[in-house]
Amino acid sequence: MLKNHLTIAFRNLRKQGFYSAINITGLAVGIAACLVIVLYVIDEISYDKFNTNADRIYRLNSEIKFGENHMKMAVSPAPLAQTFLQDYPEVESAVRFRNYGSYLVKPANGTDNIKEQQVIWTDSTFFKIFSIKVLEGNPDKALSLPASVAISKRTAEKYFRNSSALGQMLTLDNKRTAKVTAVFEDMPASSHFHFDILISMVGDWPVAKEAQSTNFLSNNFNTYFLLKKGTDAKAFEKKFPSFISKHIAPQILAALGNDFTMEKYYAAGNKYEFTLTPLLDIHLKSALKIELEPNGSITYVYLFSTVAFFILAIACVNFMNLSTARSANRAKEVGVRKVMGSLRMHLIRQFLTESTLVTIFAFLVAIGLAYLILPLFNSLSQKQLFIPFADPFFYVILFTSALIVGAFAGVYPSFFLSAFQPVNVLKGQVALGMKSGFIRSSLVVFQFVISIFLIIGAITVNRQLNFIQNKKLGFEKNQVIVIHDTYALRPNVESFKNEVLKISSVESGTISGYLPVETADAWRNDNTFWKEGNQPVVENLVSLQNWNVDYDYIKTLEMKVKLGRAFSNEFPSDSNAVVLNQAAAAQFGFTDPIGKKISTFDGNRPDGSPDPNKIKSWTIIGVMENFHFSSLKENITSLGLFLGKSDGSISFRFNSNNSQEAIQSIEDVWKKLAPGQPFQYSFLDEDFGRMYSSEQRLGKIFAAFASLAIIIACLGLFALTAFTAEQRTKEIGIRKVMGASVSSIVVLLSKEFGKLIVIAFALAAPLAWFAIDWWLKGYTFKTEIGVMVYALAGLFCLLIAWLTMGYQSIRAATSNPVKSLRSE
């Protein structure tokens, strides 16, 4: 019986070659897109599962709301980890990370540095908590010695290609030498952090001393806990408020005075809270400040999964539509089979066999398509996805999926066709084309609802990105080159700046690691300030970003001073001056801020908490226009510029149309003053653009999926139009003989489908509006999405559909009526 079903199925596929090709192509494109997205989703949900104790590892987060500042951070105080180990039996072990960004690294006997981005300071318990295999050295002792490092396999091969790295020495930032005490396997791609160099936080190096601090008011360490088996994390979290009262409140009390209480702090609308995030939730469900690396998004996983389902559904709808539309061609076959004694179940099996066969062919084509488009998708998504051809389970899943998709696509046509009554069929009483297809019409509407929705989504993401790129930021990001790691020039930092300023294309330059973009090399620092003369009590405090800059910072970045003036060499007193942004002036409550003073703590007590007896004041000399120094998803917060040394970067504004010429001139100066040091640079506008790389990827992927959806939908529409024209050949011939014009026949054949697309637009527009409104709520500063966006998407879809239908309609309308009426 199966052999008979297959024989007939192959015969029908050959007989209806055009429609079979449409079905297979549409399904293959849909399946290929679905396969790629499934690989993406599997990769995203697999993060950190390689850790043996993944279900018991948690990261501690801090949420602090203080006045207008609300910070949700992936960091916590230095002494917290050890204190938790002492106070709570639920904690089995703990590890901290302290991120100081990139380092210049070379072998101790080497001359040329290499910039290493993936460097972190950590505790000796790292290998106990995370399942990273140690290839050389003792994982229990590797980071327990002062001035020791553990390095990845690829780093060991980079610096010690012809010998074992164990026991070798590395120089960090030209000033500290560390001994390699372990070599570990390269961290898996599916880890939420990827470090190549781990530096021990034991000893008397400055970071090691910071790690030993007892100050609970400074949050700089990413802290992870391994909880004991059976520990309820939610129940454990309920103990955190008492921990804050016991350890943190006393230090705040010491700094702010005896009348301070946490009750007053909370009553003023402030917040101080610790929470736990499971390790397996970090990559997809955490987007806090000071993450170790940018994470993914569970929203995108849900979104792409839904898109994959809908694209596959659109392809399946094509199969259903064509199968039911061609019902008249199979009607007599069904009637004869039933008269000859065939049962309905036999017919259902026959039609399901045909649909499954089409699906299997489509899957084979889809694997090839997926293989071809995967490199492009990897480039867009910054992944390293691959099709697991070597895994036998992959083929089992593939074959099972083919059967499921075949059954899904074929179940409605099978039951529809097998339900024909032989008496009616053999009399020719079978409805044709669109006249018999309310469900078919509904499926066409469904296809174009999804297509229009995706088009509107792609346009919206693109418009928001254009808004971000063109928005006035309060500084000028174009024509600015940023030279990184300029501390490597010491003691020639100023000399380098002065030499570069002699280049004719360079207009100005500024030495400061504090830049108005969020990158790995941009520094940040915040502190608590208050009006001079006020007491440092909760209601008077302002959390202020305080950036050290030089005299030329405001000039080089073309910021606007609204009141007062910028820093000037002509005023020696500017060493104790500050330039605030408008947000800070407003938060301090100044109406006339020029000449007023703000104060902050200028020293710590032995326990590391602020010393209320050491206070320093700065005079406000200017107020600058607010500028964006973080994502447009966030409000502009309080910021102050102070004169001070900050030689992490030097930024130069240049006026040359030939940027490569300017770069080469600057590099020549660098090589003269810093031989052996890597020359690293970027452009400020490109750094700004990289802050929105995830949105850029989303926009490109959305556009690609929208294109696929409209292509698949139009394939089906093309075939349906062709079939409708085929069924109405004689009608068209009669109309032409009676004097009908080509244009009227084209409108006749197209208008039914055109109505369906208009209905689809009416359904898709409100769905898209709700989705867009939800997505844009994540941005404080966002573009306006007007009616034109929806109208353009609808018109575009209608145009593509009309072009698709128009070809077949014009072909039918211009055919010779003699040929169509020859048999009459």
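This is a predicted model: local features need pLDDT of at least 70, side-chain atom pairs count only at pLDDT 80 or more; totals for chains, interfaces and linings use all residues.
Student: How many helices and strands does the chain have?

Tutor: There are 26 helices and 25 strands. Helices (H or I, at least four residues) and strands (E, at least two) are DSSP runs, numbered from the N terminus.

Student: What share of the chain is buried?

Tutor: Buried means under 20% relative accessible area, exposed means over 50%, and partly exposed lies in between (1.4 Å probe, protein chains only). Buried residues make up 53% of the 824 residues here.

Student: Let's take strand β1. Which strands does β1 pair with?

Tutor: The general idea is that strands of a sheet pair through backbone hydrogen bonds, either parallel or antiparallel. Two strands count as paired if DSSP finds at least two bridges between them. Strand β1 runs antiparallel to β13 (residues 219–227), with 4 bridges, and arginine 59 stands opposite tyrosine 224 there. Strand β2 (residues 69–73) is an antiparallel partner over 5 bridges, and lysine 65 faces histidine 70 as its opposite residue in β2.

Student: Why is β1 described as largely enclosed?

Tutor: Of the 10 residues in β1 (residues 57–66), 9 are buried, so the strand is largely enclosed by the rest of the structure.

Student: What is the strand order in the open sheet that contains β16?

Tutor: The order is β16-β24-β15-β25, and the pairing is antiparallel. The edges are β16 (506–511) and β25 (681–683), each with a single partner strand, so one side of each has no neighbour in the sheet. From one strand to the next, the twist averages 20 degrees. Between β16 and β24 (residues 649–654) there are 5 bridges, and isoleucine 511 has isoleucine 650 as its bridge partner in β24.

Student: Which helix lies across β15, β16 and β24?

Tutor: That is α17 (residues 493–500), which runs at about 165 degrees to β16. Helix α20 (residues 659–673) also packs on the sheet, touching β15, β24 and β25, and its direction makes about 30 degrees with that of β15. Contact means heavy atoms within 4.5 Å; axes are lines fitted to C-alpha atoms, for helices over the stretch in contact, and angles run from 0 to 180 degrees between N-to-C directions.

Student: Now the backbone. Where is there a cis peptide bond?

Tutor: In general, most residues other than glycine have a negative phi, and most peptide bonds are trans. Here a cis bond joins arginine 490 and proline 491, with omega about 5 degrees. Proline 491 sits in the loop between β15 and α17.

Student: What is the phi of glutamine 479?

Tutor: Its phi is near 60 degrees, a positive value in a residue other than glycine. Glutamine 479 lies in the loop between α16 and β15, and its 34% relative accessibility counts as partly exposed. Glutamate 558 also has a positive phi, near 50 degrees, and belongs to the loop between α18 (553–556) and β19 (561–564).

Student: How many disulfides are there?

Tutor: A disulfide is a covalent bond between the sulfur atoms of two cysteines, and the search takes a pair of cysteine sulfur atoms within 2.5 Å as one. A search of the whole structure finds 0. Cysteine 797, at 0% relative accessibility, counts as buried, and cysteine 34 is buried too, at 16%.

How values were computed
Residues are numbered from 1 along each chain as its sequence is written. Side-chain values use heavy atoms; hydrogens and water are left out.
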